[in-house]
Amino acid sequence: MQFRLERVYRTNRQALFALALSVTGSRELAEDAVHDAFVRLCSNPLEEVKDLVPYVFAAVRNSAIDIGRRQARSETVVSLFAIDVPTSSSGEASEQAVVRSEEDRILREAVESLEPALREIVILRAFAELRMSDIAEITKTPLKTVETRYRRALQTLEERLRGQM
Amino acid sequence: MVPQDLENRLRGLKLREPSPELDNRIERVLANDLESLPPNRVASQLFTGIPGARISLTAASLMLGLAVGFAIGSSRSDGHDTELAATALLEHPHEFGPEEQRVSSELRLLFLEAEKQHIGATPQERMAFWQEKTGETFDVRAHVADRRFEFCRLCHLANGS
């Protein structure tokens, strides 16, 4: 079991952390949430769990919500993303890199400003690449609602991109 | 932009990395592989970092919560529940099975050890003190092998024990 859990963590650590960060808004609390989730996972029998990945995401989400309830959400919300600085090179390639970087910045900010229910679905779908049915289970939301929210999230992101470029 | 393109653009963004400290914490949790260990071994393994002579009521209460949590299979993590379960186990050990009773007697030894060191506060008071200090609900499993456990220990040391 330890090996399975370890593999899930190694493969999904950024997305798990992003999900917790999205809920708590604080790097420290997000790390505590991931840690607490794994402590609980280790103390539960998991042999019966067929697909461990969504199970672990659900555990981290629940843990982050628990911690979020106990602690006030941080006023300075930490970004979900690492910021790529465009590498300096000359000519057109450099210009394209700057444009691309600007688009990425807008997209990052657009994701972060999504309402929480949409943002978590974007994290679970676009970054963790989970199935919609898994996301429905993780978020305890009907499948249709998840699909609608995801479409709405993408639509919002596209509008932001179009509006600012 | 079609949704597929937008999804690809999103996937091109780099998510923030968790700190190496989190990786270490998860590694330690997985290394302990709590589910495969009996309660007493879980407790002793997790407290190997604490020098024997410094076993305090804090450690005893932590161990008690941990042992009770595993021994009676409670999935609840609320500090109050832990406290109630701990009290019940200590006060009415006959109502529990032989394994729980054995854990209970081991815990009694820890409490005696603590009393020898003239530590006045009860574990419940310690938990309450810790909760008041941190604003968090006491969850023993969450405080093992993590920075808050270090804080917990420091907190109690600073308070005179």
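Where does Glu137(A) lie? Glu137(A) sits in helix 6 of chain A. Keep in mind that this is a predicted model, and that the numbers below are computed from it.

**Around helix 6**

Glu137(A) has a relative accessible area of 66%, so it counts as exposed. In sequence, Glu137(A) is 83 residues from Pro54(A), yet the two C-alpha atoms are 8.1 Å apart in space.

Glu129(A) is found in the loop between helix 5 and helix 6 (132-139) of chain A, while Lys140(A) has its place in the loop between helix 6 and helix 7 (143-164) of chain A.The backbone of Glu129(A) has a phi near 55°, which is a positive value in a residue other than glycine. For Lys140(A), phi is also near 55°, again positive in a non-glycine residue. As for the solvent, Glu129(A) has a relative accessible area of 53% and so counts as exposed. Lys140(A) comes out at 62%, so it is exposed as well.

**Aromatic pairs**

How many aromatic pairs does a search of the whole structure find? Over all chains, there are 2. Here they are side by side:

| Pair | Centre to centre | Angle between planes | Geometry |
|---|---|---|---|
| Tyr9(A) and Phe38(A) | 5.5 Å | 85° | edge-to-face |
| Phe81(A) and Phe127(A) | 5.7 Å | 55° | tilted |

The Tyr9(A) and Phe38(A) pair links distant parts of the chain: Tyr9(A) belongs to helix 1 of chain A and Phe38(A) to helix 2 (residues 27-42) of chain A, 29 residues apart. Tyr9(A) and Phe38(A) are both buried.

Phe81(A) has 1% relative accessibility, so it counts as buried. Phe127(A), at 14%, is therefore buried too.

**Helix 5 against helix 7**

Helix 5 of chain A also packs against helix 7 of chain A, at an angle of about 95° and with the axes 9 Å apart. The two are therefore roughly perpendicular to each other. From helix 5 of chain A, the contact uses Ala117(A), Leu118(A), Ile121(A), Val122(A), Arg125(A) and Ala126(A). Facing them from helix 7 of chain A are Val146(A), Arg149(A), Tyr150(A), Arg152(A) and Ala153(A). Sorted by class, that contact has 8 nonpolar and 3 charged residues, with no polar ones.

**Across the chains**

Now for a contact between chain A and chain B. Helix 1 (residues 2-24) of chain A and helix 2 (residues 20-32) of chain B have axes that come within 10 Å and cross at roughly 165°. That makes the two helices roughly antiparallel to each other, and their crossing is right-handed.

Which residues make the contact? Helix 1 of chain A brings Gln2(A), Leu5(A), Glu6(A), Tyr9(A), Arg10(A) and Arg13(A). Helix 2 of chain B answers with Leu22(B), Asp23(B), Ile26(B), Glu27(B), Leu30(B) and Ala31(B). The residues here divide into 6 nonpolar, 1 polar and 5 charged. Tyr9(A) thus turns up in two places: in this contact with chain B, and in the edge-to-face pair with Phe38(A).

Technical notes. Residues numbered from 1 in each chain as written. Chains lettered and ligands numbered in written order. Predicted model: local features only at pLDDT ≥ 70, side-chain atom pairs only at ≥ 80, totals over all residues. Heavy atoms only, no water. Axes fitted to C-alpha atoms, helices over the stretch in contact; angles between N-to-C directions. Helix = DSSP H or I, 4+ residues; strand = E, 2+ residues; numbered from the N terminus. Parallel < 35°, antiparallel > 145°, perpendicular 65-115°, else oblique. Left-handed = near helix turned anticlockwise from the far one by under 90°. Contact = heavy atoms within 4.5 Å. Nonpolar A, V, L, I, M, F, W, Y, C, P; charged D, E, K, R; others polar. Phe/Tyr/Trp six-rings, centres within 6.5 Å; stacked < 30°, edge-to-face > 60°. Buried < 20%, exposed > 50% of the residue type's maximum accessible area, 1.4 Å probe, protein only.
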